Amino acid sequence: NVKSGEILATKRAATKGSSGTTVTGKQVSARDGSDIPLPAGQNTEIIENGTAIISTANGYVVWKESKIGVDTVYRVKGDVNMNVGNIHFIGTVEIDGDVREGFRVISGENVIINGGIENATIRAEKNIEVKYGIRGKRSYIYAKGDLKSKFIENTIVEVKGDVIVSDSIIHSNVDAGGNVI
């Protein structure tokens with residue numbers, strides 16, 4: 001996680017090269033170092049007369065197309081399970097699969113789950129969207145915004161906004177600051 005304004009990279013001035021000697025005693029002349037531009041990418045800015053790159057957004061550092069950048073969405077291609085582990089990210093988290101039993105996803109913004117939730121903890125500073133449903137006696141869902149899901153079963157839900165469910169809510173404790181639809 002990096003925050004907006006955080007320094008991601010700095011560069012030092014090019015130095016003079018120093019001559020050397022080969023193992024056979026032959027002199028080798030050195031080339032002086034050359035100045036190169038900092039490779040600033042997406043969501044970054046060069047500051048301090050071209051000697052540092054800072055983040056201009058909250059997210060995580062990426063190396064794309066030979067440039068340092070910051071991505072604001074953390075994408076998981078598959079399930080949140082033992083291969084991925086728990087997620088604690090400053091920005092939006094998007095998961096292509098399910099969040100499996102016992103795992104936690106904590107986001108400083110939104111959580112988008114293109115699968116379902118099974119006995120897991122999900123916390124978001126904004127909204128949570130679950131394409132399928134939420135199931136499990138140990139599932140806990142908290143959002144400062146809205147929650148959208150197909151169904152909620154055996155789950156504790158605390159939402160400051162609205163809870164929008166397309167099918168059903170069964171055996172769950174749902175506390176909404178807005179409406180339950």
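Is Lys64 buried, exposed or partly exposed? With a relative accessibility of 44%, Lys64 counts as partly exposed, where buried means under 20% relative accessible area, exposed means over 50% and partly exposed lies in between (1.4 Å probe, protein chains only). The model is predicted, so local features need pLDDT of at least 70 and side-chain atom pairs count only at pLDDT 80 or more, while totals for chains, interfaces and linings use all residues. Residues are numbered from 1 along each chain as its sequence is written, and side-chain values use heavy atoms, with hydrogens and water left out.

**Nonpolar core**

- The largest nonpolar core has 27 residues, of which Val99, Val105, Ile122, Ile128 and Leu147 touch the most other members; such a core is a set of buried Ala, Val, Leu, Ile, Met, Phe, Trp, Tyr and Cys residues joined through side-chain atoms within 4.5 Å.
- Several strands each supply at least two residues of this core, among them strand 9 (87-89), strand 10 (92-95), strand 14 (121-124) and strand 17 (147-159), and strand 17 gives the most, with four residues.
- Strands (E, at least two residues) are DSSP runs, numbered from the N terminus.
- Ile122 touches Val99, Val105, Val111, Ile113, Ile117, Ile128, Tyr140, Ile141 and Tyr142, when residues up to four places away in sequence are not counted, and contact here means heavy atoms within 4.5 Å.
- In soluble globular proteins, nonpolar side chains tend to be buried together.

**Salt bridges**

- A search of the whole structure finds ten salt bridges, each being a side-chain nitrogen of Lys or Arg within 4 Å of a carboxyl oxygen of Asp or Glu.
- Asp35 counts as exposed at 58% relative accessibility, whereas Lys11 counts as partly exposed at 24%.
- Lys64 forms a salt bridge with Asp71, their closest N and O atoms being 3.8 Å apart, and Asp71 is buried, with a relative accessible area of 11%.
- Arg100 and Glu118 form another salt bridge, with the closest N and O atoms 3.3 Å apart. Since Arg100 lies in the loop between strand 10 and strand 11 (104-107) and Glu118 in strand 13 (residues 117-118), the pair ties together parts that are 18 residues apart in sequence.
- A network of salt bridges links Asp79, Asp98, Arg100 and Glu118.

- Three strands form an open sheet in the order 1-5-4, with antiparallel pairing, and two strands pair if DSSP finds at least two bridges between them.
- Strand 1 and strand 4 stand at the edges, each with a single partner strand, so one side of each is left without a neighbour in the sheet.
- Strand 1 and strand 5 (residues 52-55) run antiparallel and are joined by three bridges, and Ile7 has Ile54 in strand 5 as its bridge partner.

**Asn119**

- Asn119 is found in the loop between strand 13 and strand 14, and at 16% relative accessibility Asn119 counts as buried.
- Asn119 touches residues including Arg100, Phe103, Arg135 and Lys137, not counting residues up to four places away in sequence.
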